[in-house]
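User: I am new to this structure. Please walk me through how its contacts and surfaces get their labels.

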Amino acid sequence: MESIVSTQAEVHRIVQEELAQAKANITENIEREGKRATGKTAESMAVTVAEEGAAVVGTLSGRAYFGTLETGSKPWAMQYKRVPKFFADIIAEWVEAKNIDAPPYAIATKIMREGSKQYREGAITTVYSDEIDATVERINKRVMGLFDTVLTESIKR
C-alpha cells in the first residue's frame, strides 16, 4: 500500500510540474505571437492538481474567451444597437495597451458585428493547442515510465 501512495504522490508531482511548464510555455507563446496586451489573459492561467480517489486530476485553466487567442473573436450572436459599455471598456484598455491609434468604440463595434480581424482573415495561431497536446504526451510518457519502474521493482521483490 505504501508504494501505491508514494506512486500517487509522484504522479501528482509530475502532473504539477508539467502543467506549470505548460503555463510558462503558453505565456511565452502569447508573447511570441504578439498577443500580449494587458497581460491579464496570461495572468489568468491557473494550475490545480488534486487526488480524486486513486486518480490524479490536473487542470490548467484560464479566463473566458481564452480560445480567441488562436482563432480570434466571432461576431456576436446577439447584435446590439450600441456596443455594451463593458465591451467598449475592454477594447479601450486593449487599444491603450497595444498603443493603437484608433477609436476604441469603432473597433468594438467592428468586432461585435463582423468579428476580429484575426477571425475575419481566418488566421489561426497555436498559442496553446500544440502545447496542451505536447504536455499530455509528456505526462503520459513520464507516468507510464514511473509505472514501468514500480512494476519492475515489484516483480524483482
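User: What makes the contact of Arg32 and Glu33 a salt bridge?
Analyst: This is a predicted model. In it, the side chains of Arg32 and Glu33 come to 3.1 Å, N to O. The cut-off is 4 Å between a side-chain nitrogen of Lys or Arg and a carboxyl oxygen of Asp or Glu. The value falls within it, so the pair counts as a salt bridge.

User: Why is Arg32 called exposed?
Analyst: Arg32 has 52% relative accessibility. Exposed means over 50%. Therefore Arg32 is exposed.

User: And what label does Glu33 get, from which value?
Analyst: Glu33 has a relative accessible area of 32%. That lies between the 20% and 50% limits, so Glu33 is partly exposed.

User: How do you know that Glu18 and Arg138 form a salt bridge?
Analyst: Their closest N and O atoms are 2.6 Å apart. The limit is 4 Å, so the pair qualifies.

User: What parts does this pair of Glu18 and Arg138 tie together?
Analyst: Glu18 belongs to helix α1, and Arg138 to helix α7, residues 129–156. The parts tied together are 120 residues apart in sequence.

User: Is Glu18 buried or exposed, and how do you know?
Analyst: Glu18 has 8% relative accessibility. Buried means under 20%, so Glu18 is buried.

User: What makes Glu10 and Arg13 a salt bridge?
Analyst: The closest N and O atoms of Glu10 and Arg13 are 2.2 Å apart. That is within 4 Å, so the label holds.

User: Where do Glu10 and Arg13 lie in helix α1 relative to one another?
Analyst: They are three residues apart in helix α1, which spans residues 2–32. That separates them by about one helical turn.

User: Why are Glu10 and Arg13 called partly exposed?
Analyst: Glu10 has a relative accessible area of 26%. Arg13 has 35% relative accessibility. Both values lie between 20% and 50%, so both residues are partly exposed.

User: How many salt bridges are there in the whole structure, and which residues are linked in a network?
Analyst: The search finds 11 salt bridges. Glu10, Arg13, Glu17, Glu18, Glu131, Arg138 and Arg142 are linked in a network.

User: What makes strands β1 and β2 a pair?
Analyst: Seven bridges join β1, residues 46–52, to β2, residues 55–61. Pairing needs at least two bridges, so these strands pair. They run antiparallel. Glu51 stands opposite Val56 in β2.

Key: Residues are numbered from 1 along each chain as its sequence is written. This is a predicted model: local features need pLDDT of at least 70, side-chain atom pairs count only at pLDDT 80 or more; totals for chains, interfaces and linings use all residues. Side-chain values use heavy atoms; hydrogens and water are left out. Helices (H or I, at least four residues) and strands (E, at least two) are DSSP runs, numbered from the N terminus. Buried means under 20% relative accessible area, exposed over 50%, partly exposed in between (1.4 Å probe, protein chains only).
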